[in-house]
Amino acid sequence: MLRSLAVLLSAALALSGLAACQQKYTKNSATHTRDGVLGITETNPNMPLSASFRTYPDDLRVMQNAISQRFPKVSIASISLNGPTAYVRLNAPAHTPPEEIERIRQGATEALAAAAPRYNANVTVIAK
């Protein structure tokens with residue numbers, strides 16, 4: 001009888017201690033939005049559910065805008081994406097001097113690095 005009373009009393013103390021510890025930690029715990037994925041969208045910007053997620057057509061549009069704004073007289077022949085590399089072919093106006101072609105190539109590389117930093121730009125400029 002005394003033994004069962006001691007077991008019951010120790011079990012009650014253990015449960016009350018666990019409940020006290022649990023209450024202590026739940027008061028400061030953060031809650032996530034009710035998005036169905038337990039807040040993962042709040043921590044990973046590359047998930048398709050995130051507002052900062054971009055697809056390949058979005059990346060192409062951003063690259064085209066960056067080049068067009070910086071060099072309005074240069075036409076974009078093609079932009080192709082292959083993994084982390086963006087191959088960009090530009091057409092400069094006819095009779096453009098070689099120094100200007102090199103300046104356009106370097107400027108386009110810089111503009112693409114700022115607009116789409118996840119890609120390594122390989123820019124080719126031809127005078128047509």
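Contact is taken as heavy atoms within 4.5 Å. The model is a predicted one: local features need pLDDT of at least 70, side-chain atom pairs count only at pLDDT 80 or more, and totals for chains, interfaces and linings use all residues. Residues are numbered from 1 along each chain as its sequence is written, and side-chain values use heavy atoms, with hydrogens and water left out.

The protein chain holds 3 helices and 3 strands. Helices (H or I, at least four residues) and strands (E, at least two) are DSSP runs, numbered from the N terminus. The order from the N terminus is α-α-β-β-α-β. The chain has 128 residues, of which 23% are buried. Buried means under 20% relative accessible area, exposed over 50%, and partly exposed in between (1.4 Å probe, protein chains only). The accessible surface of the protein chain is about 9500 Å². Carbon and sulfur atoms account for 59% of that surface. Areas were computed by the Shrake-Rupley method with a 1.4 Å probe; for residues, only the protein chains shown count as cover. Of the contacts between residues at least 6 apart in sequence, 51% join residues at least 24 apart.

Strand β2 (residues 85-92) pairs with both β1 and β3. Two strands count as paired if DSSP finds at least two bridges between them. Strand β1 (residues 75-82) runs antiparallel to β2, over 7 bridges. Within this pair, I76 has L90 of β2 as its bridge partner. Strand β3 (residues 120-127) is parallel to β2, and 8 bridges join the two. Here A92 is bridged to A127 of β3. Strand β2 is largely enclosed by the rest of the structure, because 6 of its 8 residues are buried.

Residues up to four places away in sequence aside, T85 touches S80, Y119, N120 and N122. R89 is also found in β2. R89 is partly exposed, with a relative accessible area of 44%. Beyond four places in sequence, R89 touches S75, I76, A77, S78 and T124. The C-alpha atoms of R89 and N122 are separated by 8.5 Å, although the two residues are 33 apart along the chain.

G83 lies in the loop between β1 and β2. The hairpin of these strands has 2 residues between them, and G83 takes a positive phi near 65°. G83 is partly exposed, with a relative accessible area of 46%. Its C-alpha atom is 9.8 Å from that of R118, 35 residues away along the chain. H95 lies in the loop between β2 and α3. The phi of H95 is positive, about 65°, although this residue is not a glycine. H95 counts as exposed, at 82% relative accessibility.

Strand β2, helix α3 (residues 98-115) and β3 form a right-handed β-α-β unit. A crossover is right-handed if, with the strands pointing away from the viewer, the path from the first strand over the helix to the second runs clockwise. The 18 residues of α3 should span 26 Å at 1.5 Å a residue; the end C-alpha atoms are 25 Å apart, which agrees. The expected span is 1.5 Å times one less than the number of residues.

The buried residues of α3 are I101, I104, G107, A108, A111, L112 and A115. Seen down the helix axis, they fall within an arc of 135°, so they line one face of α3. The arc is that of the directions from the helix axis to the C-beta atoms. An α-helix has 3.6 residues a turn, so residues three or four places apart point the same way. The cover over the buried residues of α3 includes α2, β2 and β3. On the other side of α3, P98, E99 and A114 are exposed.

Helix α2 (residues 56-70) contains D59. D59 counts as buried, at 1% relative accessibility. Apart from neighbours within four places in sequence, D59 is in contact with R54, L81, R118 and Y119. Y119 is also among the residues that T85 touches.
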